[in-house]
Amino acid sequence: MQDGAPQGKRFTEVELLTGTGLTLWRGANCLFDQLSFSAAPGGALLIRGPNGSGKTTLLRVIAGLTLAEEGDVRWQGRPLSARDETGRHTIAYCGHATALKPDLTTLENLRFFARLSGYATSALPELLASTGLTPCADLPARVLSAGQKRRAALARVLMSGAPLWLLDEPQTNLDAAGREFLERVLQKHLANAGTAVIVAHQSIDMGSARTTVLQMGEAA
Amino acid sequence: MNLGLGSLFLIVLQRDLMIAMRRWSDICNPVVFFVLVVALFPLALNPRAEFLRALAPGVLWIAALLAALLSLNQLFRADIEDGTMEQLLTLPYPLGLVILAKTLAHWLVTGLPVVAVAPMLAITYHLPADAISTLLLSLLIGTPTISLLGSIGAALTAGLRQSGVLLALMVGPLMLPVLMLGARATDIALSGDDPTGPLYLLGALLALALSLAPPAAAMAIRISAD
């Protein structure tokens, strides 16, 4: 696979992600209490912890999909929203669900998100080639393997052009080449002063990027 | 990058129609249900022309409402389950507009076929041409209102496992005015009077649903996607 990150666009240096005093209860379980973190441009925040310790929930709180009971998440000092003042996308969220419609082909699925995020649809074949999805471009997404679906979800993150990547266990189902590709685009994103928050169990090679580890759950 | 609201609407609409075209059963179910219910009544009841004629407005409207209720359950369910809604929520676009586009797509594939076959079924009930045109018009205004009102309930229950009955219980009462006005307009036309009164009221309900339902459903979706 070649390097598939679209236009090596640099993000501005002032973009800083901070979370302060985040508290969330699920029933009688406190998932996190007064949790704070920050990630600078070009830096990665790695969320680690045992199963059920609230890693995914924290990522969803950062993405704004789940509301924390206390605390806030800020981006450049303002509450994090899906759009910055220029109307540009801020967040590329890649959760467990791959958001692929089983009845549409891989290309049709990606074209929808390309159009929504302003990515040139003419560049899609190249993106598919770099993610290794060219052979299944015209296959309905329902016949894709789990790893291929994960690659398609990564392709969507690449298309978004967002400075903040929120990846929930992005290595799941990926083969060795896929993981290597993920590391390469991630390093490139961070080198372009992008920010990434990653939930991961396995190690990810972030190259020279500054990596902060946020340990969750009892083990902390 | 700054996508216009009109193109956002069209992109979502086009995609939902494309998905619907790949799943023919989703399109066929409501209209088949509608045809079955309406066609069974004359078989079970007294088939005299004047009796059927008096029954027609009520039967056609009730069947149209039930057909719409049946299909509403699926409006946002797939999007929540496969993660599409998470993506739409993290995009910098007004969610209400996305909801409106999805609801319109849903009505085009489930509501419009029902409206289209209604006149043919009305003929089997011996409805005169005047009453048929009023029925058609009332369905054309009324069924989108049903879809819009239903989108609020569908958004609230999309995250639940078994939501069919709950959804019907929740949005059913909201739809009663539409049912009453629609059937009433057809009935008035049948008796030879001017049905514009109830039709205007139906139009007012559509305007109300069009402006209030998408933002309400957008808020409900945020809760369901949590």
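User: Before we look at the sheet, how are strands and pairs defined here?

Analyst: Two strands pair if DSSP finds at least two bridges between them. Helices (H or I, at least four residues) and strands (E, at least two) are DSSP runs, numbered from the N terminus. This is a predicted model, where local features need pLDDT of at least 70, side-chain atom pairs count only at pLDDT 80 or more, and totals for chains, interfaces and linings use all residues. Residues are numbered from 1 along each chain as its sequence is written, while chains are lettered from A and ligands numbered from 1 in the order in which they are written.

User: Which residue stands opposite A:Gly19?

Analyst: Happy to show you! Strands of a sheet pair through backbone hydrogen bonds, either parallel or antiparallel. Here A:Val73 in β4(A) faces A:Gly19. Strands β1 (residues 17-26) and β4 (residues 70-75) of chain A run antiparallel and are joined by 5 bridges.

User: What is the strand order of the open sheet?

Analyst: Its 4 strands follow β2-β1-β4-β5 (chain A), with antiparallel pairing. At the edges are β2 (29-39) and β5 (78-79) of chain A, each pairing on one side only.

User: Now the helix: how many residues of α2(A) are buried?

Analyst: A residue is buried if 20 or more other C-beta atoms lie within 10 Å of its own, exposed if 12 or fewer, and partly exposed in between, with C-beta atoms placed from the backbone. In α2(A), 10 of the 12 residues are buried, so this helix is largely enclosed by the rest of the structure. Among them are A:Leu107, A:Phe112 and A:Phe113.

User: And what follows α2(A)?

Analyst: Just after α2(A) comes A:Gly118, with a positive phi of about 75°.
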